[in-house]
Amino acid sequence: MIDILNSINYTPFLLSFKLAGITTLILFILCLPLAWYLSQTTSKSKPFLEAITALPIVLPPSVIGFYILYALSYNSPIGAFFKETLGIDLIFNFTGLVIASCFYSLPFMVQPLQSGFESLNKNMLEASYISGKSRFTTVLKVALPNIKPALMTAIIVTFAHTVGEFGVVLMIGGSIPDETKVASVAIYEMVEIMDYTSAHIYSGIMLVMSFLVLLGVYTFNQKQKFSGFIK
Amino acid sequence: MIHIAINKKLHGASADMQLDVNFEIKDGDFVALSGKSGSGKTTLLRILAGLEEANGIIHVEEEIWLDNNICKAVQKREIGFVFQDYALFDNMSVLQNLLYVKKDLVLANHLLHVTELTELKDRSPSTLSGGQKQRVALCRAMMKRPKILLLDEPLSALDPVMRSKLQNEIIALHKEFKTTTIMVSHDPSEIYRLSNRVLVLEDGKIINDGSTKDVLLRTKGSQKFSFEGELLEIKKVDVIFIAIIAIGQQLVEVVVGEDETKNLNIGDVVNVSTKAFSPTITQ
């Protein structure tokens, strides 16, 4: 048994975690202002923005994958610009995977943060403004520390969801060993070549880890007696 | 001197109305803002604080807070605000709540001492009682040494004993800091104890403005006792009629003549008054 475990190539897992870590960090920085804006605005554009950010939840990964693939390829102005001006390829490499993952996991970061911000007592935020503090300080020192469960949910679920993606990464990244072959893609390939032993071990590891992550989130949230997950 | 002349369209519960007020407040005054709910009291405070927009002017001493071209940001206005629901920062201890406003440990410790909160300074706000929370909120509002202190029904959620204690603390702080204060309140005894001027708002307009005594002591002519109440019931006992009237939390029985009963309907707001030559006061 130990021999089998030792003989396994863990690179796809490391790739999955690297991808998920970078994606979570980028999304956290990008989504914080967006979630704050959505929670505070009364503008008529709010439903449109909310609908757009929620699209990745309902769209088939193949649709997201297809559009991103098209946008990043040399056939589109965006892909052509990066290729010709900056010399950067955006598809079938790790960079492409990060961009695709950011679109795919966007709602899992925005929605818990937004509902967390919306659950805050408005007077508390106003009290901070009256104390002479800017919006930025208020978000950092008052809003974020008071939505810890929502913050935890957003970060952990975004990470876990990125580890778990399959369709989009396969379309954008293909399956290049040590570059774009993440755990979920590796399992798909093992099943295709009927290497069920490796598929079992990989899938088992994914199952246990995913369960532990979710258990951790729900235990934390139960302790805080608050749930900020998707409305 | 503070001059306030503002105008704003409000979307009330029943109908739209115009908040339209123009008044001046002397430095160091304690003004009570009274009136039915939905009359625009809280909105007026929020406009003063800069939390809501409005047309008009707000001049505080020589400074312009609001006119046609200027609208000073809420962060820049020298105000303290005490909310009805305390609005403390739950992630900070009592002392940190105060120091967040200004890093002045001497003032923070002094305020905590005046309000008898020194023992609780390291506690989290969520572990405090309502009265303790509101004292923390009051201290926090004073940390900026504001020019104007705004109190939005600060004591309405507290029991009578705690109310009275907090009233004393508000008086003590007002005496010490001489902060011009505007307080929204419905409680006549509270208004009487704390303020020296009352503004009564109705549908966005000031309908009464005067010294606390003039506005609150509703006596006409030589009548010394005069109370407003709601007529609950008129019952016939033998040959006389007795009206049951609710005055505040108290129910009283008043003898009325048969002719008078014809003009009275259940639910009417009535005035009960008498010439009290030698009333008895007991404890």
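**View 1. B:Lys178 in the loop between α5 and β8 of chain B.** In this predicted model, B:Lys178 sits between α5 (160-177) and β8 (180-184) of chain B. The phi angle of B:Lys178 is near 55 degrees, a positive value in a residue that is not glycine. B:Lys178 counts as exposed because 11 other C-beta atoms lie within 10 Å, and the cut-off for exposed is 12 or fewer.

**View 2. B:Arg145 in the loop between α4 and β7 of chain B.** B:Arg145 is not a glycine, yet its phi is positive, at about 45 degrees. B:Arg145 has 12 C-beta neighbours inside 10 Å and therefore counts as exposed.

**View 3. The open four-stranded sheet of chain B.** The strand order is β13-β12-β11-β14 (chain B), and the pairing is antiparallel. The edge positions are held by β13 (250-256) and β14 (269-274) of chain B; each has a single partner strand, so one side of each has no neighbour in the sheet. From one strand to the next, the twist averages 50 degrees.

**View 4. Strand β11 of chain B and its pairing with β12 and β14.** Strand β11 (residues 225-237) of chain B pairs with strand β12 (residues 240-247) of chain B through seven bridges, in the antiparallel sense. Within this pairing, B:Ala246 in β12(B) is opposite B:Glu230. β11(B) is also joined to β14(B), again antiparallel, by six bridges. Here B:Thr274 in β14(B) is the bridge partner of B:Phe225.

View 5. The average pLDDT of chain B is 89, and 96% of the residues score at least 70.

**View 6. The contact of chain B with chain A.** Chain B contributes 15 residues to the contact and chain A contributes 14 residues. On the side of chain B that touches chain A, β6 (79-82) and α2 (94-101) of chain B each supply at least two residues. That side of chain B comprises 10 nonpolar, two polar and three charged residues. For the complex, the predictor gives an ipTM of 0.81 and a pTM of 0.81.

**View 7. Helix α7 of chain A and the elements around its buried residues.** In helix α7 (residues 122-130) of chain A, the buried residues are A:Met124, A:Leu125, A:Ala127, A:Ser128, A:Tyr129 and A:Ile130. These buried residues of α7(A) pack against α8 (135-143) of chain A and also against α1 (41-49) and β6 of chain B. After α7(A) comes A:Gly132, with a positive phi near 95 degrees.

**View 8. The helices of chain A.** Chain A contains 12 helices and zero strands. Along the principal axes, the C-alpha atoms of chain A fill a box of roughly 65 × 50 × 30 Å. Buried residues make up 34% of the 231 residues of chain A. Of the contacts in chain A with a separation of 6 or more, 74% are between residues 24 or more positions apart.

Terms used:
Residues are numbered from 1 along each chain as its sequence is written. Chains are lettered from A and ligands numbered from 1 in the order in which they are written. This is a predicted model: local features need pLDDT of at least 70, side-chain atom pairs count only at pLDDT 80 or more; totals for chains, interfaces and linings use all residues. Two strands pair if DSSP finds at least two bridges between them. Axes are lines fitted to C-alpha atoms, for helices over the stretch in contact, and angles run from 0 to 180 degrees between N-to-C directions. pLDDT is the predictor's confidence in each residue, from 0 to 100. Two residues are in contact if their C-beta atoms, placed from the backbone, lie within 7 Å. Ala, Val, Leu, Ile, Met, Phe, Trp, Tyr, Cys and Pro count as nonpolar, Asp, Glu, Lys and Arg as charged, and the others, Gly among them, as polar. A residue is buried if 20 or more other C-beta atoms lie within 10 Å of its own, exposed if 12 or fewer, and partly exposed in between; C-beta atoms are placed from the backbone.
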